[in-house]
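Hello,

I am passing a structure on to you, and I hope you enjoy looking through it. My notes come after it, so please open it first.

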Amino acid sequence: MNKKVRVQATINGEEVEFLCEPRQSLLEVLRETLGLTGAKEGCNNGNCGACNVILNGALVNSCLVLAVEINGRNVTTIEGIATPQGLHPLQEKFIAHAALQCGFCTPGFILASKALLDQNPSPSENEVRQWLAGNLCRCTGYDRIVRAVLDAAQVQEKPL
Amino acid sequence: MQVLDYVSAGSVEEVVGLLASNNGRARILCGGTDLLVQLRENRRRSGLLIDVKNIPELTSINYDDQSGLWLGAAASCHAICHNRFVLEKYPGLVDAIRLIGGVQIQYRASMGGNLCNASPAADSIPALIVHEAGCIIMGSNGTREIPVQQFCVAPGKNVLQNGEFLLAIKVPAVKENFGAHYLRFIPRNEMDIAVVGAGASVTLDKAKQKILSARIALAAVAPTPLFVEEAGTFLVGKEMTEENILEAARIAQATARPISDLRGTEQYRKHLCAVLTRRALEKAVERARAS
C-alpha cells in the first residue's frame, strides 16, 4: 500500500479534504476520488486540453498537475461554472452555436474560454484562436467554437 | 508511474539537503509538463519529487542594468513573457518562450525545466545561447556557473551531478545596438516541435553598420542545441550585407549535423538551417538598428 497524503483545497468554492497518493494527478483525483467527472481524460499527456481546470486563476491541464500540488489552492472545474440562476454565457452560446458534437472536449474548451474572458473580456478572433490552440476538438472544425466564444464575450460585456 | 513521495520545499537549503539525503532517488519538479509525462511513460524514475515552485529564489524574475536578468529556474513561461523588463529588453527571448506549448503549458512550464529536459529541439535554449546566458547550478558546495551552451550533453541529459540542481538562468544586461531573434519551422501554425530552430543576435557599432559581435545557435540539428560560434566569428568587423549574411547562414548549415526522422530528412533540415539562420540574422539586425 502506497503512502497517502492529506490535501485540503477549495474546489468550486467548497472546502474539500481528500487523501491521495503522491503519484496521482489532479485529474485522476477529481474524477475517481471526488466524483467530478466533468474534466475529461483525453491524451493524459498535456496535448489535448480536455482536462482543463482553473488553478488559482491559471488555466492548467489537470493531467499535468499532481493532486498533492493543490494543497491550500483554489480550483474551478466545469461543475463550478453554472450558477443556480442558470448556465454561464459561454455554456449558453456553445449550445446556441452548436459548438459541440460529441461533447468530450467541451468542458476543456469552456474552462479555457472562461480563463481567456476573465482576463480579456473582448478578444479578437485571432486572440481566441491563439488562446484555444492547446485544446483539441475532433468534431467541429473549431469555427463554431470560436464564434460561440466571441458571442459570449459580447453578452458578458453588456450584462443584462 | 512510480513516485513514492512528494515534498514542497520551502528553501534552497532544504532542496540541497533533500537531494543529498536521497542520493540520486529524488527529482526536481517545476511545472511537470515534461517530467510527469516521462514518469508516466517510465522514461524516467523518481522516488521523491521535490517541488521547488514555492521557493521565492526559484520563481523570481529580476532585472537591473548592471547585472542583467535573473530568471529563477522555476519561473513559468507565462510569468517570464508577461514581465515588463523581459518584454522591453529581451524580445528575442520572448520569441522563443512564447512557442513553448499552448496557454495551459505556458502557465506551468518553466524555462529552467525546458533547459534541464535537454531536448535537442528545445526552443528556449538557442535563444539563451545567443543572449550569452549562464546557468547558476546549486549543490552541497555552493553555486557554480557555466555558459548555457555547455549545459546539455546529450538528448535528455545535462551536466548536473548527483546532488546538484539548476537555481537560475542569468542573462547579461542588453548592450547598446543589440538585437536578437529566434524562429523555428514547423509544418503547422501552432503546437509542434521544431523541425529546425534558429536564434541569432548581433551587436552593431555606433553607426549601426558594422558588426561588433554576433552569435548563432540552432535547434534540432544535433544531439544538443548547437552553438555555431564560427558563424558569429565570421561576421565580426563586417558590414551587414546580404552576401555576409548568406555566408554566415552557409557556415551554420555546414556545421549542423541533423538526422532524418519523422519531422524531416537530413537534407531538408540542412536546407532549413540556411533559410532560418538568414531570417534570424535579418530580424536581429532590424531590432539592433531600431534599438
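This is a predicted model: local features need pLDDT of at least 70, side-chain atom pairs count only at pLDDT 80 or more; totals for chains, interfaces and linings use all residues.

Residues are numbered from 1 along each chain as its sequence is written, and chains are lettered from A and ligands numbered from 1 in the order in which they are written.

Chain A has five helices and five strands; these are DSSP runs numbered from the N terminus, with helices being H or I of at least four residues and strands E of at least two. Read from the N terminus, the order is β-β-α-β-β-β-α-α-α-α. The C-alpha trace of chain A spans about 50 × 35 × 25 Å along its principal axes.

Five strands of chain A form an open sheet in the order E2-E1-E5-E3-E4, with mixed pairing (two strands pair if DSSP finds at least two bridges between them). At the edges are strand E2 (14-20) and strand E4 (58-61) of chain A, each pairing on one side only. From one strand to the next, the twist averages 40°. Strand E3 (residues 52-55) of chain A runs antiparallel to E4(A), joined by four bridges, and A:Asn52 has A:Asn61 in E4(A) as its bridge partner.

E4(A) also matters for the next part, where the two chains meet. The contact takes 20 residues from chain A and 20 residues from chain B, with two residues in contact if their C-beta atoms, placed from the backbone, lie within 7 Å. On the side of chain A that touches chain B, E4(A) gives the most, with four residues.

Finally, chain B is assigned domain 1 (3-51), domain 2 (56-171) and domain 3 (178-290), with bounds from an automatic or database domain assignment. Taken over C-alpha atoms, the centres of domain 1 and domain 2 of chain B are 18 Å apart. Their contact takes 12 residues from domain 1 of chain B and 19 residues from domain 2 of chain B.

Best wishes

Definitions and conventions
Axes are lines fitted to C-alpha atoms, for helices over the stretch in contact, and angles run from 0 to 180 degrees between N-to-C directions.
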